[in-house]
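Biologist: I'd like to learn how to read a structure like this one, feature by feature. Can you take me through it?

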Amino acid sequence: MTGTTPLTTALERHATTITRLSSQISSYYTSRLPYRIFHGSTNSTRPPTQKGTNTKFVDISSLNNVLSVDRATKTALVEPNVPMDKLVEATLPHGLVPPIVMEFPGITAGGGFAGTAGESSSFRHGFFDDTVREVEMVLGNGEVVKIRNPDLERAAGKTGEVEKGDLFRGAAGAVGTLGTTTLLEVQLMEAKKFVKTEYKRANSVAEAIRMVREETQKGENDYVDGILFSKDHGVVVTGKLVNEAPADAKPQTFSGAWDPWFYLHCQEKTLSSQSATDYVPLAEYLFRYDRGGFWVGAAAFQYFSWVPFTRFTRWFLDDFLHTRMMYRALHGSGESARFVVQDIAMPFETSEEFIEYTSSSLGIWPLWLCPLKRRAPPTFHPHTTRPGTDAADQSKQDDMMLNIGVWGWGPDKPQEFVDKNIELENKVHELGGMKWFYAHTYYEQEKFWKMYGGREWYDALRKKYHAEHLPTVWDKIHVDADKAGKKQRHWLLAKKPIGGFYGIWKSIQSKDYFLHRKAEWKWKGE
């Protein structure tokens, strides 16, 4: 008697779900009705579109399983709503890990493909979609297709055109406007037990930028990023995968409630020393920024100003200070309407000038520095233009760029907040940079499409793959500046601390704090 394997059962369940989604999407196509995807979670700071409105939704929230991990091929079959922590928990027992792991545990594989996901290993491996070997999508007319990554196919020595390869590259970063991602085959690599983590102090902005670039050129580095605490204190962090730690080196963890927040640990390590070294368990390193959300969690203490920012209060309030809970609270409280959360890709040559601008205009510190491989257009991933060059001349462009994370309080008044964000957008464009799409985006249509090489290439893909009735990228990410500038929050939520407490209540309702309490990836010792 032949039994049914777990993989067969998982694939059958997945196929049943896809048949239902295909039928639903096909019916919308017949009626030429636009629709949006409901994932069940978000890591965006844009104002959300709510279910229950007249907008049609396709619910894919049940697609949240790792179907298989194959040790022989070093791949994982992953549904789009699988968050990074669950993916890592599934692969590590096989001695494998994704080359790109987004630093927030709740960011999903599908979000990494349809959005832009670049992390501290991206100087070597590119964006998350660069590590996806194949993607299954439901097109706008309900047709189900599987598409291979044309770049990985060429790297494997295959010649000729990859069928629908243009769709793979176009859909990556296009926020779901060319079809619905329903399954990903993710490339994996050998995991090791620890990350040898080195902290190197920089004493100026220029020195930090130069050091980041130099570290990317060292073959032994697997991870490179940096933090600027001020104009005269930066830390460049490098990571090397290793299996052994010195006998006298106690593993440094960041997931425990009494553990330090990673950014504070970096700062303390370099206050009186030019360098320091830790041995960090791999998963602890991958999610090192979860507690405190880099340093955004410190803003909660600024909001509740009577609560001291101490190790004790961070321990006591730990359940509320993980990224999943903070996203819930940020949206629930309405404070996202006055919080600047922007990731900016800049040419290395103009990064110092941009940081001078953020310092004088926004006064936001710390800043995150993360080097990334640059993707040549056409693409909706951010791509930079070196000063004094023609954006269309790719031979003059750098193969690397620097992501600068700008996260902090903006102006209280809605119109001033909008004006400051538009000013930032203009400065980024002036200096040859581009923004990530997850944040508030105010570009007018004409300027937006010009930045991305015109819309002809995109419209051709929409027509070819039956997506013309769907919202465009601009439709999905654009925030109307006039409306946003006049929008007033409910008077009760705008009143401190009521709005903040309401946001906390909404985060408690989600019960997301259980996800970290029960996380299997946390270091439990040898």
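Biologist: Let's start with arginine 291: is it buried or exposed?

Modeller: This is a predicted model, so read everything here as computed. The cut-off for buried is under 20% relative accessible area. Arginine 291 has 2%, so it counts as buried. It is found in the loop between helix 9 (282–286) and helix 10 (297–303).

Biologist: Which backbone oxygens lie close to polar atoms of the arginine 291 side chain?

Modeller: One belongs to phenylalanine 254, at 3.0 Å from a side-chain polar atom of arginine 291. Another belongs to glycine 256, at 3.2 Å. Leaving aside neighbours within four places in sequence, the contacts of arginine 291 also include Asp259, Trp261, Asp318 and His322.

Biologist: How many salt bridges does a search of the whole structure find?

Modeller: The search finds 41. One of them joins the side chains of arginine 148 and glutamate 185 at 3.0 Å, N to O. Arginine 148 is in strand 7 (residues 144–148) and glutamate 185 in strand 8, 37 residues apart. Arginine 148 counts as partly exposed at 21%, whereas glutamate 185 is buried at 14%.

Biologist: And lysine 200, what does its side chain meet in a salt bridge?

Modeller: Glutamate 215, at 2.9 Å, N to O. Lysine 200 lies in strand 10 (residues 194–202) and glutamate 215 in helix 7 (residues 205–216), so the pair ties together parts 15 residues apart in sequence. Glutamate 215 is buried, with a relative accessible area of 5%. There is also a network of salt bridges linking Asp129, Asp130, Asp151, Arg154, Arg169 and Arg375.

Biologist: Back to glutamate 185 in strand 8. What is its bridge partner?

Modeller: In a regular strand the side chains alternate between the two faces of the sheet. As for the pairing, glutamate 185 partners leucine 77; strand 4 and strand 8 (residues 180–187) run antiparallel over 4 bridges. Strand 4 (residues 75–78) also pairs with strand 3 (residues 66–70), again antiparallel over 4 bridges, and there valine 66 stands opposite valine 78. In that hairpin, with 4 residues between the strands, lysine 74 takes a positive phi near 55 degrees.

Biologist: How many residues of helix 2 are buried?

Modeller: 6 of its 8 residues (84–91), so helix 2 is largely enclosed by the rest of the structure. Those buried residues pack against strand 3, strand 4, strand 5, helix 3, helix 9 and helix 12 (323–333).

Biologist: Last one: how many residues does the largest nonpolar core have?

Modeller: In soluble globular proteins, nonpolar side chains tend to be buried together. The largest core here has 107 residues, and Phe128, Leu167, Phe380, Phe448 and Val473 have the most contacts inside it. A second, separate core of 33 residues includes Val212, Tyr357, Leu424 and Ala481.

How values were computed: Residues numbered from 1 in each chain as written. Predicted model: local features only at pLDDT ≥ 70, side-chain atom pairs only at ≥ 80, totals over all residues. Heavy atoms only, no water. Core = buried A, V, L, I, M, F, W, Y, C linked by side-chain atoms within 4.5 Å. Buried < 20%, exposed > 50% of the residue type's maximum accessible area, 1.4 Å probe, protein only. Pairing = 2+ DSSP bridges. Helix = DSSP H or I, 4+ residues; strand = E, 2+ residues; numbered from the N terminus. Polar contact = N/O pair within 3.5 Å; in protein donor to acceptor, adjacent residues only side chain to side chain. Contact = heavy atoms within 4.5 Å. Salt bridge = Lys/Arg side-chain N within 4 Å of Asp/Glu carboxyl O.
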